[in-house]
Amino acid sequence: MKKMTLVALTFGLAVCACSSSKTVEYYKGHQDALQKRLDECVAYGEDSQDCRNVRQAYSELHHLPAR
């Protein structure tokens, strides 16, 4: 029973972590959120999918080449 609970909890956390990424389109439409998240990504040196989406949205909005 404990093993089953642990597996369910681990799976639940993995699903929650993956669903926190926002799309490039989202960030292009929510520039306040874009700037806040971009600052966090830079400060912590993150390279998550969400941070890649933020950088892509920023590049597209400012007509910069994608990194």
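Which helices do the buried residues of α4 pack against? The close-ups below, taken from a predicted model, begin with that helix.

**View 1. Helix α4 and its packing partners.** The buried residues of α4 pack against α2 (24-29) and α3 (31-44). Those buried in α4 are D50, C51, N53, V54, A57 and S59. The helix covers residues 49-61, 13 residues in all. From its first C-alpha to its last it reaches 18 Å, close to the 18 Å expected at 1.5 Å a residue.

**View 2. The disulfide of C41 and C51.** The structure holds one disulfide. The bond joins C41 to C51, with an S to S distance of 2.0 Å. C41 lies in helix α3 and C51 in helix α4, so the pair ties together parts that are 10 residues apart in sequence. The link of C41 and C51 is left-handed, with -85° about the S-S bond.

**View 3. Burial of the two cysteines.** C41 has a relative accessibility of 2% and therefore counts as buried. For C51 the relative accessible area is 0%, and this residue is buried as well. C51 is also one of the buried residues of α4.

**View 4. H63 in the segment after α4.** H63 is found in the segment after α4. Just after the helix, H63 takes a positive phi of about 55°. This is a positive value in a residue other than glycine. H63 counts as exposed because its relative accessibility is 74%, and the cut-off for exposed is over 50%.

Technical notes: Residues are numbered from 1 along each chain as its sequence is written. This is a predicted model: local features need pLDDT of at least 70, side-chain atom pairs count only at pLDDT 80 or more; totals for chains, interfaces and linings use all residues. Side-chain values use heavy atoms; hydrogens and water are left out. Helices (H or I, at least four residues) and strands (E, at least two) are DSSP runs, numbered from the N terminus. The expected span of a helix is 1.5 Å times one less than its number of residues. Buried means under 20% relative accessible area, exposed over 50%, partly exposed in between (1.4 Å probe, protein chains only). Contact means heavy atoms within 4.5 Å. A disulfide is a pair of cysteine sulfur atoms within 2.5 Å.
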